[in-house]
Amino acid sequence: AIGMTVWRFVSPAIRPDSLNVPETAMSRLPAALKAARVFNEYSFGGSLTLHSIPVYIDGRADMYGEEAMRTYLDLVERPDAAKWQAAQRRWGFEWTILPPGKPLVPLLDTQPGWRRIYADPWAVIHVKDDMLQLPQAGH
């Protein structure tokens, strides 16, 4: 038991990418975005929280209420440019992280002022253009 405990402390925990864990995407996230307002996939909330990133929504649906869940689902599953722009103005989203199959992803690809900066089989990250102008740490 002592050996297993010591091994666990000296061996880094490697979390593989999965439906709820976009670990590679998180490792590629520019440092400036970690404090910026995110619109995130509901199931990514735990991963974002583990990386100390404040979430828009997560698995505690009861805490957010029915209206917030309905708004989230409407934006992600039935995207509309006007609704997205209104939500972005209301909450000030500066980046998004969503699974590639979500209907909002192709809409964001066409939105003026937004740019896809990362994609893999588990997650797609879009960023507002003005966030890309921020100086990066160490530069």
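**Note on helix packing and cores in a predicted model**

1. Helix α5 passes helix α6 in a left-handed crossing, a crossing being left-handed if the near helix is turned anticlockwise from the far one by less than a right angle, and right-handed if clockwise. Helices (H or I, at least four residues) and strands (E, at least two) are DSSP runs numbered from the N terminus.

2. This is a predicted model, in which local features need pLDDT of at least 70, side-chain atom pairs count only at pLDDT 80 or more, and totals for chains, interfaces and linings use all residues. Residues are numbered from 1 along each chain as its sequence is written, and side-chain values use heavy atoms, with hydrogens and water left out.

3. The axes of α5 (residues 66-77) and α6 (residues 81-91) come within 10 Å and cross at roughly 130°. That makes α5 oblique to α6 (under 35 degrees is roughly parallel, over 145 roughly antiparallel, 65 to 115 roughly perpendicular, the rest oblique). Axes are lines fitted to C-alpha atoms, for helices over the stretch in contact, with angles from 0 to 180 degrees between N-to-C directions.

4. On the α5 side, Thr71, Asp74 and Leu75 meet Lys83, Trp84, Ala87 and Trp91 of α6; contact means heavy atoms within 4.5 Å. By class, this contact has four nonpolar, one polar and two charged residues (Ala, Val, Leu, Ile, Met, Phe, Trp, Tyr, Cys and Pro are nonpolar, Asp, Glu, Lys and Arg charged, the others, Gly among them, polar).

5. The largest nonpolar core has 17 residues, and those with the most contacts inside it include Phe39, Trp84 and Leu104. Such a core is a set of buried Ala, Val, Leu, Ile, Met, Phe, Trp, Tyr and Cys residues joined through side-chain atoms within 4.5 Å. Buried means under 20% relative accessible area, exposed over 50%, partly exposed in between (1.4 Å probe, protein chains only). Leucine 104, leaving aside neighbours within four places in sequence, is in contact with Phe39, Leu75, Val76, Pro79, Trp84 and Leu98. A second, separate core of 16 residues includes Leu48, Tyr118, Val127 and Met131.

6. Overall, the chain has seven helices and four strands, in the order α-α-β-α-α-α-α-β-α-β-β. Buried residues make up 36% of its 139 residues. Of the contacts with a separation of 6 or more, 56% join residues 24 or more positions apart.

7. One backbone angle to check: serine 52, in the loop between α3 (45-50) and α4 (61-64), has a positive phi near 60°. Most residues other than glycine have a negative phi. Serine 52 is exposed, with a relative accessible area of 62%.
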